[in-house]
Amino acid sequence: MRNYIQKGENLTIPAPTAVASGDVLVIGDLHGIVAGDAAEDEPCDLVVVGVFSIPKVGANSFGIGDKVYWDATNKLATSTATDNTRLGTCVKVAVSGSAAVEVKLT
């Protein structure tokens, strides 16, 4: 195929702001986990496929298969859909009071 570019599991894009390895990055409908530190406008590797441990709102709990959203203001995973971006699906129970949720990116 002449028009094939790549698998699309990792994308190299210009960092919209300074980012650190492990950060969740949302740009419009594109979202993923930053693979390494990058300054604003530098190339940034964004992992868009896989399962990641993401910090969450402490009071939220998630069951396997629950939708996980990203609250960009507080930089935490949340169960609240309103005004937040769908990040993926919970793959391991995360109880209220726990610090993180395991998410399969969608």
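Partly exposed is the band between buried, under 20% relative accessible area, and exposed, over 50%. I wanted that settled first, because Glu102 comes out at 31% relative accessibility and so counts as partly exposed. I'm working from a predicted model here.

**Entry: salt bridge**

I looked for salt bridges and got one for the structure. The partners are Lys92 and Glu102, whose side chains meet at 4.0 Å, N to O. I then checked what the pair connects: Lys92 sits in strand 8 (residues 85-92) and Glu102 in strand 9 (residues 100-105), so parts 10 residues apart in sequence are tied together. Lys92, at 47% relative accessibility, also counts as partly exposed.

I moved on to Val93, which I placed in the loop between strand 8 and strand 9. Its relative accessibility is 52%, so Val93 counts as exposed, the cut-off being over 50%. Val93 also turns up in a nonpolar surface patch of about 300 Å², which I traced to Ile64, Val93 and Val95.

**Entry: largest pocket**

Which residues line the largest pocket? I listed Thr17, Ala18, Val19, Gly22, Asp23, Val24, Leu25, Val26, Pro55, Trp70, Ala72 and Lys75. Sorted by kind, that lining gives eight nonpolar, two polar and two charged residues. Strand 2 (residues 24-27) supplies the largest share of the lining, with three residues.

**Entry: Trp70**

I picked Trp70 out of the pocket lining and found it in strand 6 (residues 67-71). Is Trp70 buried or exposed? I have Trp70 down as buried, because its relative accessible area is 7%.

**Entry: positive phi**

Last, I went through the backbone angles. Most residues other than glycine have a negative phi, so I wrote down the exceptions I came across.

- Lys75, another residue of the pocket lining, has a positive phi of about 55°. I located Lys75 in the loop between strand 6 and strand 7 (76-78), and it is exposed at a relative accessible area of 57%.
- Asp83 has a positive phi too, near 65°. I found Asp83 in the loop between strand 7 and strand 8, exposed with a relative accessible area of 79%.

Terms used
Residues numbered from 1 in each chain as written. Predicted model: local features only at pLDDT ≥ 70, side-chain atom pairs only at ≥ 80, totals over all residues. Heavy atoms only, no water. Helix = DSSP H or I, 4+ residues; strand = E, 2+ residues; numbered from the N terminus. Buried < 20%, exposed > 50% of the residue type's maximum accessible area, 1.4 Å probe, protein only. 1 Å grid on protein atoms, 1.4 Å probe; cavity = no way out; pocket = protein on both sides within 12 Å on 5 of 7 lines; lining within 4 Å. Nonpolar A, V, L, I, M, F, W, Y, C, P; charged D, E, K, R; others polar. Patch = residues over 30% accessible without salt bridge, like charges linked within 9 Å, V, L, I, M, F, W, Y side chains within 5 Å. Areas by Shrake-Rupley, 256 points an atom, 1.4 Å probe, with all protein chains shown as cover.
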